[in-house]
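Me: I'd like to learn how to read the packing in this model. Could you take me through it step by step?

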Amino acid sequence: MRGAASGADLELARRCRQGDAAAFEEVYRAHAGRLYSLLVRMAGSAGEAEDLLRDVFLTAHRKLGSFRGESALGTWLYRLAVNHCLDFLRGRRARMARATASLDEEDAAEPAAPAPRLAEAISRIDLERAIAQLPDGCRTVFVLHDVEGFEHHEIGDLLGISEGTSKSQVHKARMKLRAMLSGAVVGNPAGRR
Amino acid sequence: MTCDACAPLIDDFVDDALPGDVSAEVRVHLAACAGCRTLAADLGAIRSLAAALPPFVPPDHVWQTIARQTRSAPARHPLAALLTVWRPALAGAMSVVLVTGLAWLGGRLTAVTTGVPIPAGHAATPGAASVLHTPEATYSQAIASLEPLAAARRSVLEPGVAEAIASGMTIVDTAIDQSRAALRTVPDSEAARDSLLQALRTKVTLLQDALALAAGSASGDREGAVTGQAETTP
């Protein structure tokens, strides 16, 4: 997906611009799964991810005229998806802040002391639930790095942050996940969103 | 290597992103330190499990909604959109060229057949020139400010789009020149006056559309580069 667009990407984009519905569906089938997975984990909700995925592809359909092939089509779509999701998360944080302004919010995953060990058997479901409980910022970076496999410099380009910030966010996410998955969590196991 | 020195390196160690000699030092420390060894093992397990998480599958209704909405609004290439909007204006400009050309020719033929020269600058209808002056000046002023902006933004347009814009401008400029030439020859020609104003109006529209397309191309580029920032939690 990284690097400049392939000939196939350029041809597909050209056909889409000419109104070829089958070509646009081909773009969707090729990239929707991975984008949806990213959106589910970044937004923390399948329902919201469905709306975001729809919006991403409607935007892509409208903006395919500006796709010049400087990046791969998948990378271009990834950037659209990340931007949409970040806008959504910012809006949600603002709404939550207004709704809970009078409440004290505590981190639900306070690690026990001494540092807990990871539970012996962690299921994928356990990890998915724990990822959903991470704060928005480090969850975004963790999903891009550990789940989607982006390098720190690529995450820096995607999110407009430094490589150092990306690394520290991944470390923070991993430490919080370790605490949540240790079986020695103190506080509300349902976590805060 | 102490635990304090090892701790900031553990994530890169887990990611296999350390230089060989540093990685070797970390490995030596982990062999001797149960706490750091456990931490590295735990972070490595989280990373491995995360990398192996299966993808989610979007439900069918998402594509159905997208397909329905995109069918009603087919994707448009900027060039296609441009031609759809400009085709009537360019056709009008071509007819301006034809009409003013005929008006000029008619004026010339009149002078030839009657033997009465029509003085240049003569306005049979008093005030015709002054009636023309205000809207022409307004359009000319708008063109003078839009033209350098459009020229400066030309490079962000796709080559095909830029060429189409240039061709449209050539047609309209020809229409303007022909209309002005006709008015110099036959100053009271209403057809030439109307044609000039129409051509000037068309040029303003073309310049505005060119700038809008350039802005759209630029925002498409910005969409392709991320504008968001992740929250950096303390």
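Me: What share of the contacts in chain A with a separation of 6 or more comes from residues 24 or more positions apart?

Reply: A contact here means heavy atoms within 4.5 Å. In chain A, 74% of the contacts with a separation of 6 or more are between residues 24 or more positions apart. Keep in mind that this is a predicted model, where local features need pLDDT of at least 70, side-chain atom pairs count only at pLDDT 80 or more, and totals for chains, interfaces and linings use all residues. Residues are numbered from 1 along each chain as its sequence is written, chains are lettered from A and ligands numbered from 1 in the order in which they are written, and side-chain values use heavy atoms, with hydrogens and water left out.

Me: How many helices and strands does chain A have?

Reply: Helices (H or I, at least four residues) and strands (E, at least two) are DSSP runs, numbered from the N terminus. Chain A has eight helices and zero strands.

Me: How do I read a pair of packed helices?

Reply: Two packed helices are described by the angle between their axes and the distance between the axes. Axes are lines fitted to C-alpha atoms, for helices over the stretch in contact, and angles run from 0 to 180 degrees between N-to-C directions. Take helix 7 (residues 152–159) and helix 8 (residues 163–180) of chain A: their angle is about 105°, and their axes lie 8 Å apart. That makes helix 7 of chain A roughly perpendicular to helix 8 of chain A (65 to 115 degrees). On the helix 7 side, H152(A), H153(A) and I155(A) meet E163(A), S166(A), K167(A) and V170(A) of helix 8 in chain A.

Me: At what angle do helix 8 of chain A and helix 4 of chain B pack?

Reply: The angle is about 95°, with the axes of helix 8 of chain A and helix 4 (residues 34–51) of chain B 10 Å apart. These two helices are therefore roughly perpendicular as well. Among the residues that meet there are L177(A) from helix 8 of chain A and L43(B) from helix 4 of chain B.

Me: Which residues touch the most other members of the largest nonpolar core?

Reply: A nonpolar core is a set of buried Ala, Val, Leu, Ile, Met, Phe, Trp, Tyr and Cys residues joined through side-chain atoms within 4.5 Å, buried being under 20% relative accessible area with a 1.4 Å probe, protein chains only. Of its 64 residues, L53(A), F57(A), F142(A), L144(A), L159(A) and L177(A) touch the most other members. Helix 2 (residues 21–43) of chain A gives the largest share, 12 residues. Leaving out residues up to four places away in sequence, L53(A) touches residues including Y28(A), L35(A), P58(B) and I66(B).

Key: Parallel < 35°, antiparallel > 145°, perpendicular 65-115°, else oblique. Buried < 20%, exposed > 50% of the residue type's maximum accessible area, 1.4 Å probe, protein only.
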